[in-house]
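Hi,

Here's the structure I said I'd pass along.

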Amino acid sequence: MIHTSHMSGLALAAGALCILGANPASAQAATNCSLRPAVSTERQTLTCEPGLSITVERGAHYRLADRNRNGRVDAIVLDNKAALIDVDSSHLKGGFEVVTPQAIAAVRGTRWAVDVHGGTTSVLVLRGRVAVNKVSTGQGVTLRQGQGVDADRGRSPLSVTQWRPSRINALMARLGQ
């Protein structure tokens, strides 16, 4: 099931978001996203317009968003659990954002994972570059392939690290990768 909210605006530092749809069918129609046939009960994959694929962990609470209100998904608001986003910039113009309570991760074209758990947002880049801004302080960093960052709600600074293979593998296993 796609978790959505009634049509509303949500003001964030990154700009206004329009949350799409009151039910899964209207969210899919309004955003050109559809669920791929399920091959696992542990995750679901949404195929949006050409160049955008989103895999979410089972039990994740999220909403698809249309920041510029053109009827196409260009953000996901992720409240918990993990999501894997694959953006092909040659097909998807204008970039894509993942908005969590702790951070905003944005790209033009790449593949990255975001995990929200226990008041912390973890971002891992698998391909390309991702800009991550901490909501509480506005501090920003840019991550490259294999790098990650953990953002909490407090004032502690963002620290970019090269993730260990064991940490990458554990997150990717949750997302069926």
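Below is what I found in it.

First, the ground rules: this is a predicted model, so local features need pLDDT of at least 70 and side-chain atom pairs count only at pLDDT 80 or more, while totals for chains, interfaces and linings use all residues. Residues are numbered from 1 along each chain as its sequence is written, and side-chain values use heavy atoms, with hydrogens and water left out.

Let's start with the disulfide (a pair of cysteine sulfur atoms within 2.5 Å). There is 1 in the structure, joining cysteine 33 to cysteine 48 with S to S at 2.1 Å. The link is right-handed, with 105 degrees about the S-S bond. Cysteine 33 is in the loop between helix H1 (24-31) and strand S3 (34-35), and cysteine 48 is in the loop between strand S4 (43-47) and strand S5 (52-57), so the bond ties together parts 15 residues apart in sequence. Helices (H or I, at least four residues) and strands (E, at least two) are DSSP runs, numbered from the N terminus. Cysteine 33 counts as buried at 3% relative accessibility, and cysteine 48 does too at 6%. Buried here means under 20% relative accessible area, exposed over 50%, and partly exposed in between (1.4 Å probe, protein chains only).

Next, the rings. The structure holds 1 aromatic pair: the centres of phenylalanine 96 and tryptophan 112 are 6.4 Å apart and their planes are at 65 degrees, so it's edge-to-face. (Rings of Phe, Tyr and Trp, the last by its six-membered ring, pair if their centres lie within 6.5 Å; planes under 30 degrees apart are stacked, over 60 edge-to-face, the rest tilted.) Both phenylalanine 96 and tryptophan 112 are buried.

Finally, which side chain does aspartate 115 make a polar contact with? That would be arginine 174, at 3.0 Å. (A polar contact is a pair of N or O atoms within 3.5 Å; within protein, one must be able to donate a hydrogen and the other to accept it, and residues adjacent in sequence count only if both atoms are side-chain atoms.) Aspartate 115 is found in strand S11 and is buried, at 12% relative accessible area.

Cheers
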